[in-house]
Amino acid sequence: MAEDTKPTADPEPAAEDLSPADGGPTAAERFINGILPENPVYRQLLGMCPVLAVTGGMKSAVTMAAATGFVLICSNVIVSLIRGLLKPHLRILVFTLTIATFVTIADRTLAAFLYQMSKTLGPYVPLIIVNCLIISRCEICASKQSVGVAFFDALGMALGFLLALSSLATVRELLGSGTWFDMTVLPAGWPDWGVMILPPGAFLTLGLLLGLCEWVGQIREARAKRSS
Amino acid sequence: MSEEPKQGGYISQAWLVILLALLYGGALAGVQTTLGPIIEENKKNETYSVIPELIEGAVKENTEEIDVVGENGKRQRVYKALGEDKQLKGWLLAASGQGFADKIDVLVGLNADLSTITGIYVLDQKETPGLGNFIIDPPFRDQFAGKSCLEPVQVVKAGPVDGNQIVALSGATISSESVATIVNKGIANLRGPIDKLAAEGPSEEANTPPEDPAKK
Amino acid sequence: METVINLIQIAIGAALINNFVLHYFVGICPFLGVSRKVDTAFGMGCAVTFVISVAATLNWTLTYFILRPGAPLPAWIWKMVGGDSATTLDLSVLSYIMYIFVIASSVQFVEMYVRKFFPPLYKSFGVFLPLITTNCAILFGCLEILKHLQDPTALWGLHEALALAIGGGIGFTIAISMMAGIREELDMCDVPKSLRGAGIALITAGIMAMAFMGFAGVDRGVQQAVTFLMK
C-alpha cells in the first residue's frame, strides 16, 4: 500500500509551509496575500496596539507603518538567511534578539532625523518589538522559506499594515480635525469631532471598520457560493 | 521531541545566540556612535531654537547654560541669552509641573533685569486635543508677555484683565491654571538665584558654552 | 507623607486615569482574546500584574545601575580600566534588547514557580503565561519607568517604579474583568453578524474608554483631599 511508505510520525506539512518548488505559495502570491486577503490587522487581528495608538493623524500613521515595515523586512531577511542554523528551542530567542536590534536602529534613526515625529510616536516605536505580526511572520514564513520568498512575504504584510493604518488614520483625522496629512480638506465650518482623536474614537472606528471588512467578506462568500 | 541538551551541549546549542548577540551589540554600538550626537543636538535645539522667539535680539549660538541651585534646594539649568555683541538680553528657565492630563514642560523667558516675563513656550504637553491642547498656540501664550515676575500671574475666566492676570482658555480652565502655576513656581524658585548670579558676574558657575568662542 | 501621596497619585494615574488598555492601547491582544469569561479574565489580569511587578523591579535595577547615562556600574568599571572620569557612559542603546530579555526570563521564572508551588493555578492558566511575554503592557510599563530615569535631577526610585507597575497591572485587571462581564452578557444579545467577535468587543472598549475619561483629575482631587485630611 502506497501510504505506508511515509513514516507515520511525520505529518503532512501544511500547504503554506511548502516552498514554491514544492507547490506552496510563490513569492508573488505571498506578496499579494499580505495586502488584503491575509491583511495583518483586518484579517489576522495582529498588531492592534500601534493601529489604535498612532492613527490620530496620517503623518504618524505612515511613519509607524514605515518603521514597522523596515523592522519586518530586515528581520525576515536575516532570519531567512540563518534559517539553517536555528535550533528549535532557541529560535524564539533569536527572533526576539533580531527584532529588538532592528527596532532600536529604527528608533534611533527616527530620533536623529525626524525628532518631532519620534516624540509624537513616543513609546510605540519600541513596542514594535512585541508586535505579534513580526514574530509570527518570522515563525511561519521566514524560518522555513528562502530569502526571496521571505522578503516578498514581509513586503506584502508591511503594505497590508500600511493600508490598515492609513484607512483608520484617514477616518480619524478627517472627522477629528478636518485635515489629511495636516492639509485642511473639510471646510472651516466642520465641527471637529474631538472624540475621534481620543482613545474612544480609535476603538469605535476600528470596531466599525472591522465590521465593514467582515460584512464585505461575507457578501463575497455568499456570492461565490451562489455562483458555484 | 529532542531532549534538553546536557551541560556541555549548551555552548554548541547557544553559539548562534552568542554570536548574534555580539554582532548585534556591535551594530548598535555603531548606531549609537553615529546617531547619538545628532540626537543630542536635536534635544538641545528644541530649546535653543525657541530662544530668539522669546527674547528679542538674542542669538541662539551665544547662549550660555548655567546650573544654579533653586530656592527648593535642587540644581537646575538656566539659560543666559546673549545678543550679537555678547550683551545680556535676557534669561530663560525651564519649569514643569502637573497639567490636567500629564506633565507640562514650559520654557519661560525673562528680560535682562528680571522684572517682566518676555514670553513662554510649551515644550511638552499631553493635554486634551482640541481643548487643553491650545495652550501651545500663540493666542494663549502671548498673554504672558509683559506680565510682571515680581508677583504671581493669576488666571481669570473672562476678560477684561486687570494687572497681572490672564484669561483662561474656554473649556480648559485646569490646563490654563496649571500653566500659570508652573510659570509662577518656576519664577519663584529661580528668580532669586538668577538675580544673585547676574550680580556676581559670569563664569563662576558657567558650564562649557555650546559653541566654542574660539571660533570667533 | 509626601512620598505616600506621590505614590498614590502614580498608582491611581496608572490604574484609572491613564489606564494601560483604555488610554494607552497596550495589552489589546489579551484584552480581546481572553475576555470571554470573568474567571479567566481576572486570572489573566492577576498574572499580568504579578509579572509586570517582577519585570519592573528587575528592569528598574538594571536601568538604574547599568543602562542609564551616568550609571554607577559602568562608570566604576571604566575607572578601573583607566578611562578618564569626564566622559559619561551611556548604555541606553541596549535598553530595548535587555528589557525584552528580562521580561521573557521573568515570564519563564514565574511559570516555573507557579508550576511548582501552585499546580492547580498553573493548570487553569494553561497557555496564557507564555503569551504574556508578547503582552505590550509589560514592555510599556518598563518603558514608562525608563522615561523617568533619564533626568539625573529627578530619578524615580524603586518605590515609584513599583507603584506604576502595580497600578498599571491593577488597571489592566479592572479593564479586562469589566470587558469579560460585558461580553458574557453580549453573548446572549443579537449582535449583527459582521460585528460579532472582535468588532463588538472594540466598540464596547470604546464606550468603556469614554467612561474612563471621566476619571481625569481624580489624582489631583485625591492629593487635595489627603493634604486636607493631614492638616
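This is a short walk through the structure, stop by stop, with something to select at each one.

Before you click anything, know that this is a predicted model, in which local features need pLDDT of at least 70, side-chain atom pairs count only at pLDDT 80 or more, and totals for chains, interfaces and linings use all residues. Residues are numbered from 1 along each chain as its sequence is written, chains are lettered from A and ligands numbered from 1 in the order in which they are written, and side-chain values use heavy atoms, with hydrogens and water left out.

**Stop 1: chain B as a whole**

Select chain B and switch to a cartoon view. Starting from the N terminus, the order of elements is α-α-β-β-β-β-β-α-β-β-α. Chain B has 216 residues, and 41% of them count as buried (buried means under 20% relative accessible area, exposed over 50%, and partly exposed in between, with a 1.4 Å probe and protein chains only).

**Stop 2: salt bridges in chain B**

Over all chains there are eight salt bridges (a side-chain nitrogen of Lys or Arg within 4 Å of a carboxyl oxygen of Asp or Glu). Pick Arg141(B) and Glu53(B) to see one of them, where the closest N and O atoms are 3.5 Å apart. This pair links distant parts of the chain, as Arg141(B) sits in helix α3 (residues 138–141) of chain B and Glu53(B) in helix α2 (residues 51–54), 88 residues apart. Which of the two partners is buried, and which is exposed? Arg141(B) is buried, at a relative accessible area of 8%, whereas Glu53(B) is exposed, at 52%.

Now select Arg77(B) and Asp67(B), a salt bridge whose closest N and O atoms are 3.0 Å apart. Arg77(B) belongs to strand β2 (residues 75–82) of chain B and Asp67(B) to strand β1 (residues 64–69), so this pair ties together parts that are 10 residues apart in sequence. Color by accessibility if you like: Arg77(B) is partly exposed at 33%, while Asp67(B) is buried at 16%.

**Stop 3: a salt bridge within one helix**

Jump to chain C and pick Lys147(C) and Glu144(C), whose side chains meet in a salt bridge (3.5 Å, N to O). Both residues lie in helix α8 (residues 136–147) of chain C, three residues apart, about one turn of the helix. Lys147(C) counts as partly exposed at 43% relative accessibility, and Glu144(C) is buried at 9%.

**Stop 4: two positive phi angles**

Select Lys86(B), which is not a glycine and yet has a positive phi of about 65°. Where does Lys86(B) lie? Look in the loop between β2 and β3 (88–98) of chain B. Lys86(B) counts as partly exposed, at 38% relative accessibility.

For another case, go to Phe25(C), a residue other than glycine with a positive phi near 60°. Phe25(C) is found in the loop between α1 (2–17) and α2 (28–33) of chain C. Phe25(C) is buried, with a relative accessible area of 5%.

**Stop 5: a nonpolar patch on chain C**

Show the surface and select Phe65(C), Leu73(C), Trp76(C), Ile77(C), Trp78(C), Met80(C) and Val81(C). Together they form a nonpolar surface patch with about 710 Å² of accessible area (patch residues have over 30% relative accessible area and no salt bridge; like charges are joined within 9 Å, nonpolar side chains within 5 Å). Helix α4 (residues 72–80) of chain C supplies the largest share, five residues. Ile77(C) lies in that helix, α4, and is partly exposed at 44%.

**Stop 6: the cavity**

How many cavities of 30 Å³ or more does the whole structure hold? The search finds one (on a 1 Å grid, a cavity is a set of points where a 1.4 Å probe fits but cannot get out, and lining residues have an atom within 4 Å of a point). The largest cavity holds about 70 Å³ of space, a volume being the space filled by probe spheres set on the points. Its lining includes Tyr124(A), Leu127(A), Cys29(C) and Cys136(C). Helix α2 (residues 48–53) of chain A gives the most to this lining, with three residues.

Notes: 1 Å grid on protein atoms, 1.4 Å probe; cavity = no way out; pocket = protein on both sides within 12 Å on 5 of 7 lines; lining within 4 Å. Helix = DSSP H or I, 4+ residues; strand = E, 2+ residues; numbered from the N terminus. Areas by Shrake-Rupley, 256 points an atom, 1.4 Å probe, with all protein chains shown as cover.
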